[in-house]
Amino acid sequence: MLILSMHINVAGATTPGWDSWLKSGPDAAQLDIQWDSKTQTPRAIRGPMATVQGNQKISDVVEQLARDFSSLMGLGSDAMSPSTVERWRGQTVYRFNQMLEGIPVEGHQLVIGAKANGDVVSLQNGLVVLQGGLGPRSIRPDQARELAKTGFKKDVMVPSDPVEVVLAHGTVPVRAYRV
């Protein structure tokens, strides 16, 4: 069972999904939510959002929260890919890369923090809603590597395998390679 509790003036929540998600939970008064009026989504949430119940694993609860949040953003539940798990300031921090058509969206992540007792207590929203799909590739990975070589000094080694990524130009997705 995933328990969500949030406190926000939901007058700015323009979709029924956000309205019900933000109002759910037994103790909404404990949450601090920074609302982004431009995107109409939470930018950051601090406070108890979910608690591990019984024999659940923290990672399962966090991953479900990431899928739910991604769906409410309109990205779909498969738009998040677990990236890293690290300890920071007494919390376990889970990072999820935003994905588009199976390719990571460069620089856009959802970061969720959980305490050792299983309380999910923080969420940082770095996701972007992109308009449209990806166009066809304009160059091959080997061409991207050769182009990248021209920007490096002669004595610098260029990685052999460029990684395909999506760049967000505003809300327009663009294919690129990270070298």
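In this predicted model, strands β7 and β8 form a hairpin with two residues between them. Gly170, in the turn, has a positive phi of about 70 degrees. The two strands, β7 at residues 163-169 and β8 at residues 172-178, run antiparallel and are joined by seven bridges. His169 stands opposite Val172 of β8.

A further hairpin is made by β3 and β4, likewise with two residues between the strands. Here Arg89 takes a positive phi near 50 degrees. Strand β3 (residues 80-88) is antiparallel to β4 (residues 91-100), and eight bridges connect them. Met80 has Gln98 in β4 as its bridge partner.

Most residues other than glycine have a negative phi. Gln40, although not a glycine, has a positive phi of about 60 degrees, and Glu101, also not a glycine, has one of about 55 degrees. Gln40 belongs to the loop between β1 (32-36) and β2 (41-51), whereas Glu101 is placed in the loop between β4 and β5 (103-115).

Phe152 lies in the loop between α3 (141-149) and β7. Together with Val156 and Val179, Phe152 makes a nonpolar surface patch of about 210 Å².

| Residue | Relative accessible area | Class |
|---|---|---|
| Gln40 | 22% | partly exposed |
| Phe152 | 34% | partly exposed |
| Glu101 | 53% | exposed |

Glu101 counts as exposed because its relative accessibility of 53% is over the 50% cut-off. Phe152, at 34%, falls between the limits of 20% and 50% and is therefore partly exposed.

Note on methods:
Residues numbered from 1 in each chain as written. Predicted model: local features only at pLDDT ≥ 70, side-chain atom pairs only at ≥ 80, totals over all residues. Heavy atoms only, no water. Pairing = 2+ DSSP bridges. Helix = DSSP H or I, 4+ residues; strand = E, 2+ residues; numbered from the N terminus. Patch = residues over 30% accessible without salt bridge, like charges linked within 9 Å, V, L, I, M, F, W, Y side chains within 5 Å. Areas by Shrake-Rupley, 256 points an atom, 1.4 Å probe, with all protein chains shown as cover. Salt bridge = Lys/Arg side-chain N within 4 Å of Asp/Glu carboxyl O. Buried < 20%, exposed > 50% of the residue type's maximum accessible area, 1.4 Å probe, protein only.
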